[in-house]
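Hi,

Here is the structure I promised to pass on. Have a look, and then read on for what turned up in it.

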Amino acid sequence: MSYIVEMLHITKDFPGIRANDDITLQIEERSIHALLGENGAGKSTLMSILFGLYQPDGGTIRVRGREVKISDPNVATSLGIGMVHQHFKLVHNFTVTENIVLGMEPRKGPIIDIREAEKRVEEISKLYGLAVDPRARIEDISVGMQQRVEILKMLYRNAEILIFDEPTAVLTPQEIHELMQIMRKLVTEGKTILLITHKLKEIKEVADVCTVLRRGKLIGTVPVSETSEARMAEMMVGRQVSFHVEKSPARPGATLLRIEHLNVKTAKGVLGVRDLSLEVRAGEVLGLCGIEGNGQTELVQAITGLTRPESGRILLRDRDITHLSIKERTDAGIGHIPEDRQKHGLVLDFTLGENFIIHNYYEPPFARYGILNRKKIQENAERLIREFDVRSGQGALTAARSMSGGNQQKAIVAREIDRSPDVFIVAQPTRGLDVGAIEYIHKRIIEERDKGKAILLVSLELDEIMDVSDRIAVIYNGSIVAIVDAASTDENQLGLMMSGAYRPATAAAAQE
Amino acid sequence: MTFEMLLQMFPIALMFAAPIILTALGGLFSERSGIVNIALEGIMMVGAFTGATVTVLLEESTPAAAWYGLLAGLAAGLVFSILHAVASINLKADQVISGTALNILAGGLTVYLCQIIFHQQRTRAFSNGIQKMTVPLLSRIPVLGRMLFIENYPTIYIAVAAVLLTWFVVYKTPLGLRMRACGEHPQAAASMGINVYRMRYFGVLVSGALGGLGGAVMVLTADIQYTLVSIHGTGFISLASLVFGKWNPFGVLGAGLFFGFSTALSFYAKDIPLLASLPGEFFYILPYLLTIVALVAFAGKSVGPKAAGEIYDSGKR
Ligand SMILES: Nc1ncnc2c1ncn2[C@@H]1O[C@H](COP(=O)(O)OP(=O)(O)O)[C@@H](O)[C@H]1O
Ligand SMILES: [Mg+2]
């Protein structure tokens, strides 16, 4: 058997952590090879080594049978290796075409031949079924489209080996479906794909072979068709994982959060939330599901104070909080796991320990007479890191920016759950997390519920909504079109309601 | 204010506009590549000093001395800006601090060199700077000819040519595309095989050359010698023009002309009935006042290159 890429006994150290420990990975040509592992297992590091972003401390790499030294991404490119990064590397105010040809521009004399460039981009996008508008600006197109631009960048450079680093973490279910089709098409056109993910479903759907890493070590390589999801999950986490959330029936109490006739504008100035009313009671999880962009973001921002509604009221325990500041709302008992963790969840250039006390840095025990108590901050951080298994190179002193995305998310979840707010607004809590972490976070959310807190769970993952929620509200075009009992609905019914195609005759009937 | 007076203002306004435009274009190259360059003031001083000195020293031997002065100013600005490039690109210093240091250094350095060369704190006065000229044919165009082509300093033509050339390089060539990418998202540029360090060196050195040229132009048209106050904040006005002009060469041209006219106004204010009653000093502060007003009015609205001022870290996620 000949392999197109072989990474043999790769080792890589970072300050305080061995990210890759004697890892061997062999990739067959024209296959989709999945790389599975928890957050921080070392998947991105391994792929960054293959792409020339990092140099390994030990081990060798062979491409098409020849030993190579990939000293920078240019070498990788010339070997036909391309990478779509977890965080896109696109220039926001350039056009699609400009981003694709950057660094390899077709010329007419001294001038960039932009017509020719657009033509080439269109040709490639037709060949692989990647429809994009070559003249659109990056900042004006959706995340899914931006990802296509990243793929086109590789194809324009004639990449044969395509690395995708958690490509589905930022996509909607529809976009994920399209991406899977694109990947299959790429393989039929002769490409080889390396897919990093922790979504077992996706591996089952497209991958041929799966290599599992755990805490920097190689656990094994298995053929996907002969391995069950449960087995792969176990290899990844190192113990058995339950995919179903254990919970007793909810015992809802008084209404803690009440939203009345709320109207909220989007950033673009049109109404994103229209005349929306909703109640969340103590001791229940209300799941809010809908297709991305139907007003979820605006609703969450209005409740947490990140944006001001046009009209309507938000009541917390019958107290009108519509015009309170963010801090006043936090103090009043609202907790928030934000959708955009890097923008609203963390100060990336602060340490983990500092991020943990971002709400109450000014009060004892963290501060006294205006002076921070480093020791208490450190202790607090160590406790949360232990409890929530947040992995990082230097513990409380790690800069938030240097942590892997999943561990950043865990840090936010740890901070917010630890505050145990009365009303908990949870947006995309497990986006980008591995099954082990998902299981843990779901358990903690249910624990909060059982303590009598009111939880509003906003998620694009239908599985998560159905597993965790007690009641499910479906949002479409800025309004709640139906509220159903989680036990008495299924994916199909929700899907229809989310697309606006179907409204139950009496949405209220399911409420009690 | 009569139309005649407006026509008279043109040569003076254009004389002041030329160095502002040239220097602001320099700033454009630097910031588009991702390096904030507030050293433009100091670079202009170095260019002005060198331009004046070369002109004085060559005056005896060649009638084109002032033109050599311009070239020398350009070269000196380029060399001086290497300091900013090394500090902010290689040594990853804070760009504002490095720029401030250069501004302070420029004052001391030029006066020190004046002492050595001329034994006084300023250069000797040159007898002829750049000469005004009248463009044949074009000067016969009614009104427009009078405004732009009769008895004007040719430096404004150099400035306009530089605007066109800058636009071409920045928006039409691969070099410009790559340079802009480095100013917006250097990690993206690097992942496409572009050498961010090299592009930023290019941006800073071009800004040094244009700033040095701007300084030399200023002293050789609006002054008779270089002194510590020859530039008096024009480098900062150029930076304001860059913001005001939205980091676009034609915007810079418009902003430079605006500041040129606001400076020229101080010479004519006493002849304008409405303005004559104001104290003369008011008009000296006018360009600076307008700089502040323009910056406040445009604050938030005009956005520059996203990564300008940020230290480049290739490993940043
Ligand atoms: N540039 C870096 N500096 C320091 N530590 C790093 C760096 N990149 C990754 N790490 C650490 O190495 C480990 C593996 O990270 P990564 O490869 O990103 O994991 P994965 O992609 O599997 O989630 C993590 O603990 C992470 O914090
Ligand atoms: Mg990763």
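Before the rest, some housekeeping. This is a predicted model, so local features need pLDDT of at least 70 and side-chain atom pairs count only at pLDDT 80 or more, while totals for chains, interfaces and linings use all residues. Residues are numbered from 1 along each chain as its sequence is written, chains are lettered from A and ligands numbered from 1 in the order in which they are written, and side-chain values use heavy atoms, with hydrogens and water left out.

Back to the backbone. Most residues other than glycine have a negative phi, and most peptide bonds are trans. Val143(B) is not a glycine, yet has a positive phi of about 55°. Its relative accessibility is 42%, which counts as partly exposed (buried is under 20% relative accessible area, exposed over 50%, partly exposed in between; 1.4 Å probe, protein chains only). Asn158(A), not a glycine either, has a positive phi of about 60°; Asn158(A) is in the loop between helix H5 (143–156) and strand S9 (161–165) of chain A, and is exposed at 55% relative accessible area. There is also a cis peptide bond from Pro364(A) to Pro365(A), with omega near 5°. Pro365(A) sits in the loop between helix H12 (352–356) and strand S19 (367–368) of chain A.

Now chain B as a whole. Chain B has 13 helices and zero strands. Its C-alpha trace spans about 60 × 45 × 40 Å along the principal axes, and 55% of its 317 residues count as buried.

One helix pair deserves a look. Helix H6 (residues 155–172) and helix H7 (residues 174–184) of chain B pack at about 75°, with axes 5 Å apart (axes are lines fitted to C-alpha atoms over the stretch in contact, and angles run from 0 to 180 degrees between N-to-C directions). That makes H6(B) roughly perpendicular to H7(B), a label for angles of 65 to 115 degrees.

Cheers

Conventions:
Helix = DSSP H or I, 4+ residues; strand = E, 2+ residues; numbered from the N terminus. Parallel < 35°, antiparallel > 145°, perpendicular 65-115°, else oblique.
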